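Dear colleague,

Please find below the structure that I am handing over to you, followed by an account of what was found in it.

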Amino acid sequence: MSLILGLETSCDETSAAIIADGRTIFSNIISSQIDIHQKYGGVVPEIASRKHIETVIPVVDQALKTAGADIRDIAAIGVTYGPGLVGALLVGVSAAKALAFAADRKLVGVNHLEGHIFANFLAHRDLEPPFVALVVSGGHTSLVYQRDYNEFELLGQTRDDAAGEAFDKVARVMQLPYPGGPYIERLAAEGNPEAISFPRARTGENYEFSFSGLKSAVLNHLNSAKQKGETINGPDVAASFQKAVVDVLVAKTVKAALASAVDKIVLAGGVAANSFLRTELAASCNKAGLGLYYPPLELCTDNAAMIACRAYYKYQAGEWADLRLNAIPSLKLGEKKYFVEKK
Ligand code: KG4
Ligand code: ZN
């Protein structure tokens, strides 16, 4: 049995997990800082780094304890080294390097976005590449063709705001708490998605996205209603905004899957928790004869089990890092840095 310890500290969750043979979760401890950042309406990088420093070792201890494992039982330590907040990433990377050095274990650097996709391998034992993945998180919106476990091709991404960022910004002006995605979803459930016609940026025939125009349209709608003294129908605004985001995500993802001649789509990232997105994508996949996979809610948002899963396949392929591993805040999906080939 091959055990992997995963570590994730790229944003506002400190998480450590132990998984066995790539697909079985023994423990997945997540310490969220959301309560701390909520009063600022978003993540404060300096506070995030400090909190990670305090929490990282207790969280690792807890992950080992829950799994009934000792650090000497671990084959490799996988850690997120990008993309993310540099100070936050550095805490995880430094802890992982120290543990790998002290316990003389292999070190694997993991791309956070690839980790999100791999949450699906934990949730679906039968799932195998190739597929097209839609990664929708607070920082990224990317369409990816994953040919094999270690081969990715970026088909397109957002030119400006990420889908989750748009949810969070719209929520903020509607005076909903941070992070806004789940609150918008809840409000939208009471509203009419056809009530307001917000723009859909199709950005031509490619696989790129743009959400900043939509965000501005929602702000304009709210401001002009306020100026005219009209009452704002919050649920209708939320539902119409959500539909505008989801329409574009669904259309481009299905189009990319058909053009890539794959038979399945994989949904990943925090926004994959959105049940309207899941339902709409499922309906379109059904029509197009495509399979659809998404993780359970707890594996959609940031967690170390998905990082350990990604690390397992890199470990198997001999893509190990050495102690020069460093945080790369703008690491690209599929980009390979700091690994040493198997001898
Ligand atoms: O993947 P994630 O946990 O962190 C990043 O890597 O960014 O994603 C967080 C994002 C936030 O923007 C949050 O508002 C969004 O995912 N999110 C949602 C939902 N749950 C989380 N967006 C829409 N609907 C949801 N139910
Ligand atoms: Zn994430």
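The zinc ion (ligand 2) is coordinated by His112 through NE2, His116 through NE2 and Asp302 through OD, at 2.0 to 2.1 Å. Donors here are N, O and S atoms within 2.8 Å of the metal (3.2 Å for Na, K and Ca), and sites may look incomplete because water is not among the atoms. This is a predicted model, in which local features need pLDDT of at least 70 and side-chain atom pairs count only at pLDDT 80 or more, while totals for chains, interfaces and linings use all residues. Residues are numbered from 1 along each chain as its sequence is written, chains are lettered from A and ligands numbered from 1 in the order in which they are written, and side-chain values use heavy atoms, without hydrogens and water.

Along the sequence, the donor residues of the zinc ion (ligand 2) follow the spacing H-x3-H-x185-D. His112 and His116 are about one helical turn apart, because they lie four residues from each other in helix H4 (residues 112–123). Helices are DSSP runs of H or I with at least four residues, and strands are runs of E with at least two, numbered from the N terminus. His112 is buried, with a relative accessible area of 7%, and His116 is buried at 1%. Buried means under 20% relative accessible area, exposed over 50% and partly exposed in between (1.4 Å probe, protein chains only).

Leu331 is located in the segment after helix H11 (304–316). Leu331 is also buried, its relative accessible area being 2%. Beyond its neighbours within four places in sequence, Leu331 is in contact (heavy atoms within 4.5 Å) with Tyr81, Gly82, Pro83 and Asn111.

Helix H7 (residues 212–227) and helix H8 (residues 234–259) pack at about 165°, with their axes 11 Å apart. Axes are lines fitted to C-alpha atoms, for helices over the stretch in contact, and angles run from 0 to 180 degrees between N-to-C directions. H7 and H8 are therefore roughly antiparallel. Angles over 145 degrees count as roughly antiparallel, under 35 as roughly parallel, 65 to 115 as roughly perpendicular and the rest as oblique. Leu214, Val218, His221 and Leu222 of H7 make the contact with Val237, Phe241, Ala244 and Val245 of H8.

The axes of helix H6 (residues 181–188) and H8 come within 7 Å and cross at roughly 115°, so H6 and H8 are roughly perpendicular to each other.

With kind regards
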